[in-house]
Amino acid sequence: MVNELQGKKIAFLATDGVEQVELVTPWNAIKKAGGHPVLVSIKPGQIQATNQDIHPADTFPVDTTVPQAKASDYDALVLPGGTCNPDRLRINSDAMQFVRAFFAANKPVGAICHGPWSLVETGIVAGRTVTSWPSLRTDIHNASGTWVDEEVHQEKGLVTSRKPDDLPAFCRAIIQEFAQVSLLHQ
């Protein structure tokens with residue numbers, strides 16, 4: 001996975017409460033593949049990551065805020081989980097419009113664990129099959145989506161995974177998906 005994403009900017013949408021491993025592991029995989037990850041958040045400064053949703057972990061500097069970010073400036077989007085992170089994002093209309101814009105432009109998106117809550121909130125999950133942390137199954141069903149219990153699920157530019165244990169498969173899949181779409185737009 002070296003240079004598949006050379007020159008590609010990948011937005012990571014996250015805020016306080018992001019599960020650190022779900023931010024850092026895909027971030028490092030994107031960098032290793034030659035991509036340029038950018039942390040987009042709903043607030044400037046830095047965000048506080050957590051371990052297992054409740055233990056404070058590291059802080060990460062925000063590169064830009066959602067009101068300044070445009071989906072057209074990025075090649076793909078990653079939505080890491082943690083319970084608090086997507087719950088805070090889903091009540092921010094600018095953040096949800098940012099997510100919608102990637103789908104409107106047919107740009108690839110990867111979401112892991114609780115990250116698919118943004119897909120539920122935006123209506124993107126309707127008619128799609130996704131996987132996530134098991135507690136989102138009812139939300140996905142109620143939003144007219146189909147939930148599957150799979151390590152990683154890929155469908156029409158959307159890559160979803162269930163949990164931190166799935167990160168190796170998730171990272172391989174997002175890089176593959178982001179590289180394929182990148183090749184189509186060259």
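Some conventions. Residues are numbered from 1 along each chain as its sequence is written, and side-chain values use heavy atoms, with hydrogens and water left out. As the model is predicted, local features need pLDDT of at least 70 and side-chain atom pairs count only at pLDDT 80 or more, while totals for chains, interfaces and linings use all residues.

I start with the sheet. It is open, with 7 strands in the order β5-β2-β1-β6-β7-β11-β10 and mixed pairing. Strands here are DSSP E runs of at least two residues, helices are H or I runs of at least four, and both are numbered from the N terminus. Two strands pair if DSSP finds at least two bridges between them. At the edges are β5 (64-65) and β10 (152-155), each pairing on one side only. β7 and β11 (residues 158-161) run parallel, joined by 4 bridges; V109 has L158 in β11 as its bridge partner.

Now the cores. A nonpolar core is a set of buried Ala, Val, Leu, Ile, Met, Phe, Trp, Tyr and Cys residues joined through side-chain atoms within 4.5 Å, where buried means under 20% relative accessible area with a 1.4 Å probe, protein chains only. The largest has 30 residues, and L13, V40, L77 and F98 have the most contacts inside it. Helix α3 gives the largest share, 6 residues. Apart from this core lies another, of 28 residues, including I10 and F170.

Last, L13. Beyond four places in sequence, its contacts (heavy atoms within 4.5 Å) include V40, L77, N85 and F98.

Conventions
Buried means under 20% relative accessible area, exposed over 50%, partly exposed in between (1.4 Å probe, protein chains only).
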